[in-house]
Amino acid sequence: MAAVAAGPDPLFNLRNNFYLGAYQAAINNSELPNLSPDDAVERDCLVFRSYIALGSYQLVINEIDASAATPLQAVKLLALYLSSPDYRESAISTLKELLADPGIGNNPILRLIAGTVFMHEQDYNEALKHTNAGGTMELNALNIQIFLKMHRSDYAERHLRVMQQVDEDHTLTQLANAWLNLAVGGSKIQEAYLIFQDFSEKSQVTSLILNGKAVCCMHMGNFDEAESLLVEALTKDAKDPETLANLVVCYLHLGKSPSRFLSQLKLGHPDHVLVKRATAAEEGFDRAIQSVA
């Protein structure tokens, strides 16, 4: 387990902004004085990852040059991977080369980016090869996301316990707890809602927090409240894929037409799981119509 730093963490606020989806705030408040070289690299990684989260892939690709440190090279590969399907294969190939280098292959941010990319690829076993050993709170949180995608909440719970032993109040521990509660369902949904509610009272209210509360509301059958939360999230980021996807689901339950949000999602995020499911359903319907025509 990584040793706990002796003094205050100079990146504490920057990290929290990033973890909670306040990406512009992370970028705007990143000019921190007197950082150690390692902290400066981590700061730059968080800033560039914030740009990636905002969809500014090309900026990241342009700004990180070949002389940059390994963690930054990994972040650049993530930007490249997400920027276009045409670059995915080469980004993964370069990522594998870096991971195979014994001098840098164990770098935590490199492993984190590898886990993120392979999770996007839905190659969960490959992702876990690089993340399962943990070592940082972000790696542990990513492990939990991967196990939940594999429908293995038992393994996710083990990793959550590790995080709780390190720092029960850490933002990522609280977020991971909420994710697990949502996956388990039942009475745990209310606990997840209270975690997101606590974040909304203590932090800048972001699309990520509003979506968390909205998903809890939908699980509890409170679709009107979910709608108002999601509409608020839309004012913060009109292109956020999770907001659009959750609005589609919410509107279907409310008996309203979700076509506008589904169209936005198809145009901006054609690889989103909801778009793929909707497309498959449409194709299946068309085939059924043709078979009886």
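**Figure 1. Loop residue Asn-34.** Asn-34 is located in the loop that joins helix H2 (23-28) to helix H3 (37-53). Helices (H or I, at least four residues) and strands (E, at least two) are DSSP runs, numbered from the N terminus. The model is predicted, so that local features need pLDDT of at least 70, side-chain atom pairs count only at pLDDT 80 or more, and totals for chains, interfaces and linings use all residues. Residues are numbered from 1 along each chain as its sequence is written, and side-chain values use heavy atoms, with hydrogens and water left out. The phi angle of Asn-34 is near 55°, a positive value in a residue other than glycine. Asn-34 counts as exposed because its relative accessibility is 80%; buried means under 20% relative accessible area, exposed over 50%, and partly exposed in between (1.4 Å probe, protein chains only).

**Figure 2. Loop residue His-151.** His-151 belongs to the loop between helix H9 (137-149) and H10. Although His-151 is not a glycine, its phi is positive, at about 60°. Most residues other than glycine have a negative phi. With a relative accessible area of 70%, His-151 is exposed.

**Figure 3. Packing of helix H10 against helix H11.** The axes of H10 (residues 153-167) and H11 (residues 171-184) come within 10 Å and cross at roughly 155°. Axes are lines fitted to C-alpha atoms, for helices over the stretch in contact, and angles run from 0 to 180 degrees between N-to-C directions. H10 and H11 are therefore roughly antiparallel to each other; angles under 35 degrees count as roughly parallel, over 145 as roughly antiparallel, 65 to 115 as roughly perpendicular and the rest as oblique. Ser-153, Ala-156, Glu-157, Leu-160, Met-163, Gln-164 and Asp-167 of H10 form the contact with Leu-172, Thr-173, Ala-176, Asn-177 and Leu-180 of H11, where contact means heavy atoms within 4.5 Å. The contact of H10 with H11 has six nonpolar, four polar and two charged residues. In this classification, Ala, Val, Leu, Ile, Met, Phe, Trp, Tyr, Cys and Pro count as nonpolar, Asp, Glu, Lys and Arg as charged, and the others, Gly among them, as polar.

**Figure 4. Two residues of helix H11.** Ala-176, in helix H11, counts as buried at 0% relative accessibility. Apart from neighbours within four places in sequence, Ala-176 is in contact with Ile-144, Leu-160 and Met-163. Thr-171 also lies in helix H11 and, at 10% relative accessibility, counts as buried. With neighbours within four places in sequence left aside, Thr-171 contacts Asn-16, Tyr-19, Leu-20 and Phe-199.

**Figure 5. Packing of helix H5 against helix H6.** The axes of H5 (residues 70-83) and H6 (residues 85-100) come within 7 Å and cross at roughly 155°. That angle makes H5 roughly antiparallel to H6. Leu-77, Leu-80, Tyr-81 and Ser-83 in H5 meet Tyr-87, Arg-88, Ala-91, Ile-92, Thr-94, Leu-95 and Leu-98 in H6. Eight nonpolar, two polar and one charged residue make up the contact of H5 with H6.

**Figure 6. Surroundings of Leu-95.** Leu-95 touches Leu-77, Leu-110, Ile-113, Ala-114 and Val-117, residues up to four places away in sequence not being counted.

**Figure 7. Loop residue Pro-258.** Pro-258 is found in the loop between helix H15 (241-254) and helix H16 (259-268). Its relative accessible area of 14% means that Pro-258 is buried. The C-alpha atoms of Pro-258 and Leu-247, 11 residues apart along the chain, are separated by 7.2 Å. Excluding neighbours within four places in sequence, Pro-258 is in contact with Val-248, Tyr-251 and Leu-252.
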